[in-house]
Amino acid sequence: YDPASSGGGKSHLASASPAPASVAARAAVSSTSLISSTSLRLKCALAARVVSLVTAPDGGPVDVMYFWLTGILSSFLDNAPTYLVFFNTAGGDAAQLMGEMATTLLAISAGAVFMGANTYIGNAPNFMVRAIAEEQNVAMPSFFGYMVWSIGILLPIFFLVTFVFFV
């Protein structure tokens, strides 16, 4: 090591261009913020699309869409948070939803509860029954196999519910 050749004892890295690691770190931060920004825009666009689907041109609720969208989401998530998301989308005012918007509350509730049965994960008892049955060596359908059966059986019932209660 020769201090004279390296700038009087200073590290030669101090005067050099930014280290590749810091350039990579800045690029990673930049791409992370770009991804976060893009992700946020996508989430906002999706939320706006959902709101437009459940809202009629006159600003009123579209109960059929509340039933189906709540149900589709509830098929893959627990029904309580799904219910809350659409409850808040409908305005979040319990008095109004139990009064003049009672059919909207019915659509949200029915979709969240009934359509959880479409998959093993949409309703905790479905998954529990599957686990118990497999433990007893009872053949059970796969996740997608179960969905085929549930769609074949439940979808016609859900269409009937739609026309009886929400159309």
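This tour goes through the helices, the nonpolar core and the aromatic residues of the model above.

The model is predicted: local features need pLDDT of at least 70, side-chain atom pairs count only at pLDDT 80 or more, and totals for chains, interfaces and linings use all residues. Residues are numbered from 1 along each chain as its sequence is written, and side-chain values use heavy atoms, with hydrogens and water left out.

**Whole chain.** Start with a cartoon view: the protein chain has eight helices and zero strands. Helices here are DSSP runs of H or I with at least four residues, strands are runs of E with at least two, and numbering starts at the N terminus. Of the 167 residues, 26% are buried; buried means under 20% relative accessible area, exposed over 50%, and partly exposed in between, with a 1.4 Å probe and protein chains only.

**The core.** Select Tyr66, Phe67, Ala90, Leu97, Phe158 and Phe166, which touch the most other members of the 19-residue largest nonpolar core. Helices α3 (63-76), α4 (79-89), α6 (102-114) and α8 (143-166) each supply at least two residues of this core. Such a core is a set of buried Ala, Val, Leu, Ile, Met, Phe, Trp, Tyr and Cys residues joined through side-chain atoms within 4.5 Å.

Centre on Phe67 and show its contacts (heavy atoms within 4.5 Å). Leaving out residues up to four places away in sequence, Phe67 touches Ala107, Ala110, Gly111, Met115, Phe158, Val161, Thr162 and Phe166.

Next, show the aromatic rings; the structure holds 10 aromatic pairs. Rings of Phe, Tyr and Trp (its six-membered ring) pair if their centres lie within 6.5 Å, and planes under 30 degrees apart count as stacked, over 60 as edge-to-face and the rest as tilted. The Phe67 and Trp68 rings are edge-to-face because their planes are at 80 degrees, with centres 5.6 Å apart. Trp68 also pairs with Phe159, tilted at 40 degrees and 5.2 Å centre to centre. Trp68 lies in helix α3 and Phe159 in helix α8, so this pair ties together parts 91 residues apart in sequence. Trp68 is buried at 16% relative accessibility, whereas Phe159 is partly exposed at 40%.

**Helix α4.** Finally, select Thr82, Phe86 and Phe87, the buried residues of α4. Look down the axis of α4: these residues fall within an arc of 135 degrees, so they line one face of the helix. The arc is taken over directions from the helix axis to the C-beta atoms. Gly91, which follows α4, has a positive phi near 125 degrees.
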